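Subject: Structure handover

Hello,

Here is the structure I promised to pass on. Please have it open while you read the notes below.

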Amino acid sequence: MHSAKAEQGTIFDVRRFSTHDGAGIRTTVFFKGCPLQCKWCHNPEGIAAARRPLFFEKRCIGCQLCETAARAAGELVGAERRSEGDVLVRSIPYRAGDAENTTLWERIIETCPSGALAWDSRTVTSAALADELLRDLPFFRHGGGVTLSGGEPLLQPAFAADVLARAQAAGVHTAIETALAVPEANLRIVLPHLDHVFADCKIFDRTAHIAATGVPNDIILANLRMLLRGARTADFPTVTIRTPLIPQFTATDGNIAAIARFLASENPAIHYELLNYNPLAAAKYHLVGRAYCFDENPQKYTKEEMHHFVAIAQNAGLSNVTVDE
């Protein structure tokens, strides 16, 4: 049962009609904040836990209302002129936790008529979010459901658990996408309210994992062991282990073989899914002021290349290997 008292959490997107986040037509909620700093992250706007303003340059119409709002609040504006008549507030820093500064940015963003300035996330209660998700109930009755993604939803376990419990109470299939870099206690809070767990295993070698994500993978492997053993029992959520294939980082013969051997040692029948590289992620990086890991964006892997990695995983002892191309 869900909590009588709604929990509060922070999300940065709700995406409807998704077909890649579980079975059927799904509504996916993206949670803010992630303990990993993957160099290739597909959702870099979800890494930082704190809310902050974003600027979508192509939406800017040069009306200068943002600058007017800042001046009205007595804020000095050092705007950067990009072209004639095109001025944008750029020099006012956003300070998370500073109420006066946040109020100023609320005012600036509210004045923007084109959506060029917007918050990167919103705070919502689990009850309100569940109500929003259940508007899609007619679609879920045909094999779909709700998936929590991120960021890392397990960083907000009580909020995530209550959203999932409210969905399950309405008969909705529930799933989560997680990198598992959280205490096991967080995972156990959410597990009772899940029908399907999609868990990443990106890089097996500890040193390489630190270099690519900023953190060791000890806690990830420990949580994976728990899931792999639990998946052998009848009353456990369905478990799928995924590896996103990132050139130079995860998509090497040695890494796939090492991951597959680890998984097979605990549960050789586990569903292991290889996700093709997504070149679209690079377009988001300018929004968050980060550099993408590739100077020249690679192409997706061909069908032949994907099945090469499948063969490696199968040869390492896994019997249920699929690809998402």
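Where does Gln-64 lie? Gln-64 sits in the loop between β3 (53–55) and α1 (65–72). Helices (H or I, at least four residues) and strands (E, at least two) are DSSP runs, numbered from the N terminus. Gln-64 is partly exposed, at 28% relative accessible area. Here buried means under 20% relative accessible area, exposed over 50%, and partly exposed in between (1.4 Å probe, protein chains only).

Two points on the source. This is a predicted model, in which local features need pLDDT of at least 70, side-chain atom pairs count only at pLDDT 80 or more, and totals for chains, interfaces and linings use all residues. Residues are numbered from 1 along each chain as its sequence is written, and side-chain values use heavy atoms, with hydrogens and water left out.

Backbone

Most residues other than glycine have a negative phi, and most peptide bonds are trans. Gln-64 has a positive phi, near 70 degrees. Phe-17 also has a positive phi, near 60 degrees. Phe-17 belongs to strand β1. The peptide bond from Gly-150 to Gly-151 is cis, with omega near 15 degrees. Gly-151 is in the loop between β8 (145–150) and α5 (157–169).

The sheet

Nine strands make an open sheet with mixed pairing. Their order is β7-β1-β2-β8-β9-β10-β11-β12-β13. Two strands pair if DSSP finds at least two bridges between them. The edges are β7 (122–125) and β13 (320–324). Each has a single partner strand, so one side of each has no neighbour in the sheet. From one strand to the next, the twist averages 30 degrees. Axes are lines fitted to C-alpha atoms, for helices over the stretch in contact, and angles run from 0 to 180 degrees between N-to-C directions.

Strands β10 (residues 196–200) and β11 (residues 238–244) pair in the parallel sense over five bridges. Phe-198 has Thr-240 of β11 as its bridge partner. Helix α8 (residues 218–230) lies across β10 and β11. The helix runs at about 150 degrees to β10.

Strands β8 and β9 are also parallel, over four bridges. In strand β9 (residues 173–178), five of the six residues are buried, so the strand is largely enclosed by the rest of the structure. Gly-145, in strand β8, stands opposite His-173 in β9.

Buried residues

Gly-145 is buried at 0% relative accessible area. Beyond residues up to four places away in sequence, Gly-145 touches Ile-25, Arg-26, Thr-27, Phe-140, Val-172 and His-173. Contact means heavy atoms within 4.5 Å.

Leu-133, in helix α3 (residues 126–133), is buried at 1%.

Asn-101 is in helix α2 (residues 99–111) and is buried at 4%. With neighbours within four places set aside, Asn-101 is in contact with Ile-92, Pro-93, Tyr-94 and Arg-95.

Surface patch

Phe-17, Ile-25 and Phe-139 make a nonpolar surface patch of about 280 Å². Patches are made of residues with over 30% relative accessible area and no salt bridge; like charges are joined within 9 Å, nonpolar side chains (Val, Leu, Ile, Met, Phe, Trp, Tyr) within 5 Å. Areas come from the Shrake-Rupley method with a 1.4 Å probe, and for residues only the protein chains shown count as cover. Ile-25 is in the loop between β1 (8–18) and β2 (26–31). Ile-25 is partly exposed, at 36%.

Salt bridges

The whole structure holds 16 salt bridges. A salt bridge is a side-chain nitrogen of Lys or Arg within 4 Å of a carboxyl oxygen of Asp or Glu.

Glu-45 pairs with Lys-284, with the closest N and O atoms 3.4 Å apart. This pair links distant parts of the chain, 239 residues apart. Glu-45 is buried at 16%, while Lys-284 is partly exposed at 23%.

Arg-71 and Glu-67 form a salt bridge at 2.9 Å between the closest N and O atoms. Both lie in helix α1, four residues apart, about one turn of the helix. Arg-71 is partly exposed at 48%, whereas Glu-67 is buried at 10%.

Asp-162 and Arg-166 form another, with their closest N and O atoms 2.9 Å apart. Both are in helix α5, and both are buried. Glu-177, Arg-242 and Glu-273 are linked in a network of salt bridges.

Best wishes
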